[in-house]
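I opened this model to look up a handful of local features. My entries follow in the order in which I checked them.

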Amino acid sequence: MESRMVECVNYSLRLYMYNNAIFIGERLCAEYPSEKNSQLLASCYLRNNQAYRAYNLLKGTQSPQSRYLFALVCFDMGLLREAEAALCPINEPSTEVPNGAAGHYLLGKIYRYTDRRKIAIEHFVQAVSLDPLLWSAYEELCILGAEEEAAELYGDSAVFRLQQQHQLELSSQYLPSADDRNMPSSRSSYSNDASPRQARQLPVSSGGELPAGHASASGAGNITLHNTPFSVNMSAYNTPSPVPSQIATAAPPPLNRNVQGQQNSTVTAGEVSPRSSVNAPGQAPRRKFMDEGKLRKVSGRLFSESGPRRSTRLSGDATIPVGSSVLPVGGNGSGNSSAKLPGGLSSTKMNASSSLRSGTVRKGHSSAIESSFEDGKKYEALEDSGAEDTAVNSSRRAVQVIMDDEPRIRNRSSGLIGRGSRVAEGSLELLGLLRVLGEAFRHCCMHRCKEALQVFCKLPHHQYATGWVLCQVGKTHFEMVDYYEAERAFSWARRVSPYYLEGMDIYSTVLYHMKEEMKLSYLAQELNAIDRLSPQAWCALGNCYSLQKDHETALKTFQRAIQLDSRFTYAHTLCGHEYVAMEEFENGITCYRSALRIDPRHYNAWYGLGMIYLRQEKYDFAEHHFRTAFLINPRSSVLMCYLGMALHALKRNEEALEMLDQAILADAKNPLPIYQKANVLVSNERYNDALEELELLKEVAPRESSVYSLIGKIYKRINMPERAMYHFGLALDLKPSTADVAIIKSAIEKLHVPDDIEDHL
């Protein structure tokens, strides 16, 4: 009943009937309590999103699979210390991580979320080394910024590891099972009822070698596979030959052979020697009155072709026989009655069943010998000719059977090898695809946006036009502050994969910056209709409210996203932005720090902290956080600009100018670094240079009131009040914000006040 219940549980799991699987699994554990059955029930709980039920069931278990399941449960429940202890017991430091690559991947995630970056990287590298196709571990490496480690994983070493993995899978097809090694199969040469077809072997060449494409035996059974997809020595996976022990215990053939029998003991190519036993069971003992000379002749013929050769074969379904020789049988020594062979057969039983290969010959010999023993007559000439004819005919039939069956054996062997070759080629093609995707994703994580786009363009169209790739392209354009291209990529991803939610939070931010209120509202409604329990849907809704200046409602929606997924980094950052918009700086700092605890390389949170300290006039802190963000994303024009602003506030104008020049080179379309550079030049009293920069900026941002306001201040400084008043008027005509209006009007009132006096006012 236990096996039937296990089958029922697995059947229900395969058909996603989790409630039925849980019910039957609980009955199973009640009827047959064991750790194995508890594992099955715990897997039912996990698939039904009931990790808390699996926690109590698996706590205290010791088997590797149970420890892995318990670690998964603890990770889902946020119990990271218990998850780590389950995978790496403290009292057993030498214990291997269960489930190989998957175990190392889970342990790496645990170390990542407990702020142990170096150890996490080691385990992610180990996971990909064990399984080159474990993309999730490679993705985690890129997110952690381990560029050097990630770059090596899909190089030439990955091809070698994949070849090794394929060789193990291919060699397992040739390995015998435990049943085949311990039990005589229906094809065993020890069966009395077996036909000669069940004992066929490939013919050997004149040099004693197997045909090309098959296995060759040397020494004690070292096997080498030829013409396989990866030709290597597979001696580590050889099937152990039972021959040496059998030869040691079985008695040797009789030594009283004639000279001719010794000369003819070598088997030529394509020949199979019939062999017989003198002392077979049921056979009468040798008569004393028989002529010893005749007996020597008879025994010489019987054993002339049965020299002591070893038989090395692969049992089960292996398709490549390793040797064509068989064990020597016969002999008059007492050891034949007690020598044990595989499967519990004695050598006497083997002698009785040796009729597999040449039953007709043995029958002919046995009847001739018995007749000569009983009658006492000398039929040397007749017996010699009859036995030789029978042996020749039997040998020809055996050779013909083997030749007839050889194409089938070759076809099965080549089929296995061909199938293995196709699998190897497919694995290498998959590895090539992952190499391109991995390189592009690594560039994305390192914020090398142009390089990432170039690599993505190498993909074929059917791979490029997928949700994941298009969302990565959209994120890349978003990092480049190219919102129009980012929107185009994300909208394409929505058409291709309308139910793909990863990256939709970034898409909503793109629409927020583009002021596309209608599109953003439609996106938020669609995402909530698809999955109301996804954090991306609530982030899109929060951006929609934030665009409408409803910061309190936006904050609530972002907090709902955090409630659904506490490790969703971007939701913490968006909460910080809303707190800053409401000027609740302390709460904003808390949110940004929460984001950095999850992902220390999330530069948006570092940028947010820098903005808070800049507004609080804590310029040293601001410079530190902006510089940290810049080190993470060294190609961001925005980060360069704000770092230059912090340096300018610290009176480090030369450094500020250098940083602002870099920002202008990084993105010539960004007007902010040009404007800030003009401010620094004004501080250095380089008014003409500042005016040149602002004239260029007017072409980039012709409707920016702050540009005309700064031009008016410069003309006031160089004693040109008429032109200053003209530009102040243009700034007011562009309808600036209320705060800017007050600043411009104050400048107009002080238009004729000298600068020295204005500084003291």
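I took helices (H or I, at least four residues) and strands (E, at least two) as DSSP runs, numbered from the N terminus. The model is predicted, so local features need pLDDT of at least 70 and side-chain atom pairs count only at pLDDT 80 or more, while totals for chains, interfaces and linings use all residues. Residues are numbered from 1 along each chain as its sequence is written, and side-chain values use heavy atoms, with hydrogens and water left out.

**Entry 1: the whole chain**

I counted 38 helices and four strands in the chain. Of its 761 residues, 47% are buried. I then looked at contacts, meaning heavy atoms within 4.5 Å. Of the contacts with a separation of 6 or more, 58% join residues 24 or more positions apart. For the surface I used the Shrake-Rupley method with a 1.4 Å probe, where for residues only the protein chains shown count as cover. The chain exposes about 39300 Å², and carbon and sulfur atoms supply 51% of that area.

**Entry 2: helix α23**

How many of the ten residues of α23 are buried? I found eight in this helix, residues 504-513, so it is largely enclosed by the rest of the structure. The buried ones are Met504, Asp505, Ile506, Tyr507, Ser508, Thr509, Val510 and Leu511. They pack against α21 (467-479), α22 (483-496), α24, α25 (535-547) and α27 (569-581). After α23 comes Lys515, with a positive phi near 60 degrees.

**Entry 3: Asn528**

I placed Asn528 in helix α24, residues 517-530. Asn528 is buried at a relative accessible area of 10%. Leaving out residues up to four places away in sequence, Asn528 touches Ala537, Trp538 and Leu541. For polar contacts I took pairs of N or O atoms within 3.5 Å; within protein, one must be able to donate a hydrogen and the other to accept it, and residues adjacent in sequence count only if both atoms are side-chain atoms. A polar side-chain atom of Asn528 lies 3.5 Å from the backbone oxygen of Ala537.

**Entry 4: aromatic rings**

I paired rings of Phe, Tyr and Trp (its six-membered ring) if their centres lie within 6.5 Å; planes under 30 degrees apart are stacked, over 60 edge-to-face, and the rest tilted. This rule gives 15 aromatic pairs. One of them is the tilted pair of Phe478 and Tyr483, at 6.0 Å centre to centre with 45 degrees between the planes. Phe478 is buried, at 11% relative accessible area. I also noted one aromatic cluster made of Trp135, Tyr138, Phe441 and Trp468.

Next I looked for charges over rings, which requires NZ of Lys or CZ of Arg within 6 Å of the ring centre and within 35 degrees of the ring normal. The charged end of Arg27 sits over the ring of Phe23, 4.7 Å from its centre. Arg567 has its charged end over the ring of Phe75, 4.7 Å from the centre.

**Entry 5: cysteines**

How many disulfides does the structure hold? With a disulfide taken as a pair of cysteine sulfur atoms within 2.5 Å, I found zero. For Cys575 the closest cysteine sulfur is in Cys591, 5.0 Å away and too far for a bond. Cys575 is buried at 1% relative accessibility, whereas Cys8 is partly exposed at 24%.

**Entry 6: loops**

Asn49 has a positive phi near 60 degrees and is not a glycine. I found Asn49 in the loop between α3 (35-47) and α4 (51-58), exposed at 68%. Lys651, also not a glycine, has a positive phi of about 65 degrees. Lys651 lies in the loop between α31 (637-649) and α32 (653-666) and is exposed at 71%.

Asp131 is in the loop between α8 (117-130) and α9 (135-143) and is partly exposed at 24%. Asp131 and Ala101 are 30 residues apart in sequence and 6.1 Å apart in space, C-alpha to C-alpha.

Is Asp599 buried or exposed? I have Asp599 as buried, at 13%, in the loop between α28 (585-598) and α29 (603-615). Not counting residues up to four places away in sequence, Asp599 touches Arg112, Ile143 and Thr569.

Definitions and conventions:
Buried means under 20% relative accessible area, exposed over 50%, partly exposed in between (1.4 Å probe, protein chains only).
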